[in-house]
Amino acid sequence: YRRLNPKNLRVIVGVSGGADSVALLKCLSLASKDVLAVHVVHDIRSTEEIQFDLNVSRYTAQVCGVDFLSLHIYPQKEAIERADNLESTARRLRYAALSKAAHTRLESIEGKSFIRKDSIFYTNRNPNAVIATAHHADDQLETLLMRICRGSGTKGMSGIAERIDRSYQCDHAIIRPMLEISRADSEAICSEYGLAYCTDASNSDETLTRNKIRHQVIPILKSL
């Protein structure tokens, strides 16, 4: 983490409520004194799932003693309007929301965690921040295999970058400190600190390419 954020800038942590992001938030709350946990609510999940993920993310932020912010995006609506791919639309809007959060400065009351929703009007821009996401080694392997299947060139074969200084999706640096640890490591960190996390039911949907690679292709490769 310190190699990816050498200036020790404020870190905006994307927290979905899953084991990976919960573990990341816990680790970064120990490594940095200036952390904002951001939970992005999507319109592609049921009301019950949305509320459960939000509650877990908020509670994790409180346990870790960091600020918490929830923001809403509507990828399903926008993908339909633009006749665009839902997954790529959700990713673009998610990074835009994290970038928006990075432009805020929430002043915490000493000893307490600040909790706000996206109905709050923000005025203080804070460009000196980085965004951290919980992509890990399993994501990296799945991404590489997906790109091989799609015939990617050398650029695509480089995989998920540890740090991107700026992209069309986001005007802040994006760092991925967990690329060298596995999904199992994330779950072990959660267990070590007694942290609850959500399990996304869509991760079992093998009609999705990534899940098919995760559940069918990778086990075969590991058995060789």
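**Two helix pairs and a few residues in a predicted model**

Hello everyone. Let me start with a pair of helices: H1 and H2 are roughly parallel to each other, a label used for angles under 35 degrees, while over 145 is roughly antiparallel, 65 to 115 roughly perpendicular, and the rest oblique. What you see is a predicted model, in which local features need pLDDT of at least 70 and side-chain atom pairs count only at pLDDT 80 or more, although totals for chains, interfaces and linings use all residues. Residues are numbered from 1 along each chain as its sequence is written, and side-chain values use heavy atoms, with hydrogens and water left out.

Back to that pair. H1 covers residues 19–31 and H2 covers residues 47–64; their axes come within 10 Å and cross at roughly 20 degrees. Helices here are DSSP runs of H or I with at least four residues, strands are E runs of at least two, and both are numbered from the N terminus. The axes are lines fitted to C-alpha atoms, for helices over the stretch in contact, and the angles run from 0 to 180 degrees between N-to-C directions.

Now the second pair. H3 (residues 75–82) and H4 (residues 86–102) have axes 9 Å apart and pack at an angle of about 125 degrees. H3 and H4 are therefore oblique to each other, and H3 passes H4 in a right-handed crossing. On the H3 side, the contact is made by Pro75, Gln76, Glu78, Ala79 and Arg82, and on the H4 side by Leu86, Thr89, Ala90, Arg92 and Leu93. The residues of this contact of H3 with H4 divide into five nonpolar, two polar and three charged.

In the loop between H3 and H4 sits alanine 83. What is its backbone doing? Phi of alanine 83 is near 55 degrees, a positive value in a residue other than glycine. As background, most residues other than glycine have a negative phi. Alanine 83 counts as exposed because its relative accessibility is 71%; exposed means over 50% relative accessible area, buried under 20%, and partly exposed in between, with a 1.4 Å probe and protein chains only. Asparagine 8 also has a phi near 55 degrees. Asparagine 8 belongs to the segment before strand E1 (10–14), and with 49% relative accessibility it is partly exposed.

Let's step back to the whole chain. There are seven helices and seven strands, following the pattern β-α-β-α-β-α-α-β-β-α-β-β-α-α along the sequence. Buried residues make up 44% of the 224 residues. Among contacts with a separation of 6 or more, 69% are between residues 24 or more positions apart.

Next, is histidine 136 buried or exposed? Histidine 136 is buried, at a relative accessible area of 0%, and its place is in the loop between strand E5 (129–132) and helix H5 (137–149). Its side chain has a polar contact of 3.1 Å with the side chain of aspartate 20. A polar contact is a pair of N or O atoms within 3.5 Å; within protein, one must be able to donate a hydrogen and the other to accept it, and residues adjacent in sequence count only if both atoms are side-chain atoms. Leaving out residues up to four places away in sequence, histidine 136 touches Asp20, Met178, Leu179, Ile181, Ser182 and Arg183.

I'll finish with aspartate 165, in the loop between strand E6 (163–164) and strand E7 (173–175). Aspartate 165 counts as exposed at 53% relative accessibility, and its side chain makes a polar contact of 2.6 Å with the side chain of arginine 163. Beyond residues up to four places away in sequence, aspartate 165 touches His172 and Ala173.

How values were computed
Contact = heavy atoms within 4.5 Å. Left-handed = near helix turned anticlockwise from the far one by under 90°. Nonpolar A, V, L, I, M, F, W, Y, C, P; charged D, E, K, R; others polar.
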